Amino acid sequence: MNAQPKNLFSFPRFRPEVGGKNTAPFLPMSRAEMDALGWDSCDVILVTGDAYIDHPSFGMALIGRLLEHHGFRVGIISQPDWQSADAFRALGKPNLYFGVTAGNMDSMVNRYTADRKIRSEDAYTPDGDRTKRPDRALVVYAQRAREAYPDANVVAGSIEASLRRIAHYDYWSDKVRRSVLPDSKADILLFGNAERALIDLTHRLAQGEAIKDIRDLRGTAFMTPKGWLPDEEWTEINSVKIDTPGKIEAHTDPYAMVPEKEAKCATGDAPATTAVSAEAKSEVKVETKADVVQLQAIRIMSREERQLMLRNKQHKSVIRLPSFDEVKEDAVLYAHASRVFHLEANPGNAKALVQGHGDRDVWLNPPPLPLAMDEMDGVYDRAYARAPHPAYGKARIPAWEMIRFSVNIMRGCFGGCTFCSITEHEGRIIQSRSEPSILREIEEIRDKVKGFTGTISDLGGPTANMYRLACKDKKIEESCRRLSCVYPSICSNLGTDHSKLISIYRKARALPGIKKILVSSGLRYDLAVRSPEYVKELVTHHVGGLLKIAPEHTEADTLSKMMKPGIGSYDEFKAMFQKYSKEAGKEQYLIPYFIAAHPGSTDEDMVNLAVWLKKNDFKLDQVQTFMPTPMALATTMYHTRKNPLKKVTADSEVVETARSGKIRKLHKALLRYHAPENWEIIHEALVRMGRRDLIGSGPKHLIPLRQPHIPITIDESGVANGKRVAAPRIDTFGKKSYARAAANAKTTPGKPAAASSARPALAYKSAKPKAAPSKTGRR
């Protein structure tokens, strides 16, 4: 696999008449549109679970326009009826392949909440219709595409492919599922930001190369016979034997956070060493033959020679993970495999991985190399229509409404939060666009997008303030094995200069016709405090009254399982935020995000968090319960109760995890301690925990001993006061719940329920006087 990739835009155009100035108004979704373009067939047909919106924030548009630029005819099948193969024949058979994706989100995350309930709407579908995509859409679509044209190539991609490329725990079925490759029957899977692999693959297929022979592309996975190796120079490393005492193997230990004898990425320097490589020396030997003694000298290799030798060996090594059958049955092996997988995520030093699935293997090449700035510009500078396909008419597409006035300035995140899947898909190395490219997009929005009133809703990315932040030394970056550049502390080799981002902000808001540039992406506040000038610029000009940040928790043990900074960093940022807001003469508030029921968070931790919220007068309207997404490190903790951030053994650290519905409900309720409907479950828990000191009417109490007396109003459908939820108990916490009393009460639709003769009238909402607005907004 070539360490110096070919530039993404250096390939000759496959069809000179396609792309360039001959871009289609929209990529065709029907035969009629193909006819209008003069096409008798498509080279590539992209199948997606999302509505087709021709905007670079939507994966199919971004990939489709890039392929079009390279001279390929690209058609799109959006949200097909998966009940039969007919919808997959709408554009005919593709000349090269079907590119199949679930959409911008994993389809299970898209369809279900953390409580495993179907979401009220699908943000990526016209009018939010939640029936337009199947569960596990990638597998379903790929199988249907194969059924439609059995001899067509099928290429799987998108975040669902990335997160499910090896055996993984699936929260919704509560079991370990195998890789989507054998289930989907795809010929090859592309993971991560796959532009490099996709363009190279497409050109090679166009030149007649068979897809089964393309096995050397970074960022790809495919099925192989058991024990297959690319050539005789390759060696296989069994991951489960890496830490077994015995003969010392001369390969890099995947458990080592920093490889020996390599540049250090953590703070501090490694002690000097004069060790000689095992492959670089031969022991002194004494051989006696015919009374002749021969001595064989030791040859000491230079540092450069040793590093070159290790790199060559690394590039020809594959780590064998425990098989699907093993990780399915053994939680320790699952956690071990997860740890090794995440430590092999740096494109600069990652090895290939292989995992057995029955009598075959899933082979994963190393991750893709990041795009250079000019390549990023080229991807985002294509001729996007910046609108939904006309076939949708005036239908409302929630995701489009959210992002149509926003600009993505970078990719990736080096935060390493264990509950987040960005790293598994986009990687830890930040890929940024140039300043001119970003400003051009703002002008295009101003000039082309209907309804624009002068406000850019967001100038950001996965994290608002990681634009152009990188390791100070490329060699150190390529050898680094840290899971995060900012945890447990910010690496001394990480550049934290925000000046280039400040420059973007200033030039963007100075453009004619631009009234306001908002920053709505999540902010990494521990980085922001390193640059007071940035915080001042942000607070003075780019906050629309509310700024969201994500402390996630207050307790150190839970934060360590999240790989998040301590609450002290939040306090430092809050002080700066308030100072600069006051200097600007603005009343502005922080919106803190917190996660309930995260692995490692005990009932006591959640009570302490609730007390902190009460002390700081935060009343959260919406809260987030931890959702175990495929491949995330926190998901490994949830499933195995082991900590993959450390060496995993049968006796290693046990991570306490809220798995039962009742405990998860309690943790969520504690984040909304102020809501009367949560007082019953909180009261029960506080009594059980011996924390009656938090029950009462004083300012330090979390919940009251008694509740106000307010009647319930039940409508025609039986919904009480607009909510079909369990209500808090009446009077004291030892009597029947409101929900049961409401069911037994004789009521008139639209009118208050009559009070039972045996107990006071039922209450849903507090009768307390109106208070000042909460310091939080909706999340």
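Let me open with a result: helices α10 and α22 are roughly antiparallel to each other, on a scale where angles under 35 degrees count as roughly parallel, over 145 as roughly antiparallel, 65 to 115 as roughly perpendicular and the rest as oblique. Before I go on, please keep in mind that this is a predicted model, in which local features need pLDDT of at least 70 and side-chain atom pairs count only at pLDDT 80 or more, whereas totals for chains, interfaces and linings use all residues. Residues are numbered from 1 along each chain as its sequence is written, and side-chain values use heavy atoms, with hydrogens and water left out.

Back to the helix pair. Two packed helices are described by the angle between their axes and the distance between the axes. Helix α10, residues 331–343, packs with α22 at an angle of about 175°, and their axes are 10 Å apart; the axes are lines fitted to C-alpha atoms, for helices over the stretch in contact, and angles run from 0 to 180 degrees between N-to-C directions. On the α10 side the contact involves Ala331, Tyr334, Ala335, Ser338 and His342, which meet Leu633, Thr636, His639 and Thr640 in α22, where contact means heavy atoms within 4.5 Å. Sorted by type, the residues of this contact of α10 with α22 are four nonpolar, five polar and no charged, with Ala, Val, Leu, Ile, Met, Phe, Trp, Tyr, Cys and Pro taken as nonpolar, Asp, Glu, Lys and Arg as charged, and the others, Gly among them, as polar.

Stepping back to the whole chain, there are 25 helices and 23 strands, where helices (H or I, at least four residues) and strands (E, at least two) are DSSP runs, numbered from the N terminus. Of the 779 residues, 55% are buried; buried means under 20% relative accessible area, exposed over 50%, and partly exposed in between, with a 1.4 Å probe and protein chains only.

Now to the sheets. An open sheet of 10 strands runs in the order β2-β1-β3-β4-β7-β8-β14-β13-β12-β9, with mixed pairing, and two strands pair if DSSP finds at least two bridges between them. Its edges are β2 and β9 (235–238), each with a single partner strand, so one side of each is left without a neighbour in the sheet. From one strand to the next the twist averages 25°.

Strand β1, residues 44–48, pairs with β2 in the parallel sense over five bridges, and threonine 48 stands opposite serine 78.

A second open sheet has three strands in the order β21-β22-β23, with parallel pairing. The edge strands are β21 (546–552) and β23 (624–625), each pairing on one side only. Helix α20, residues 567–583, packs on this sheet, touching β21 and β22, and its direction makes about 165° with that of β21. Helix α23, residues 661–671, lies across β22 and β23, running at about 165° to β22. Buried in α23 are Arg664, Leu666, His667, Ala669, Leu670 and Leu671, and the buried residues of this helix pack against β22, α21 (603–615), β23, α22 (633–640) and α24 (679–688).

Histidine 553 sits in the loop between β21 and α19 (556–562), and at 0% relative accessibility it counts as buried. Among the residues that histidine 553 touches are Phe594, Ile595 and Asp605.

Finally, the backbone. Most residues other than glycine have a negative phi, and most peptide bonds are trans. Alanine 597, in the loop between β22 and α21, has a positive phi near 65° and is buried at 0% relative accessibility. Arginine 468 has a positive phi near 60°, and at 39% relative accessibility it counts as partly exposed. The peptide bond from tyrosine 487 to proline 488 is cis, with omega near 5°, and proline 488 lies in the loop between α15 (474–479) and α16 (499–509).

Terms used
Lists of a residue's contacts leave out its neighbours within four places in sequence.
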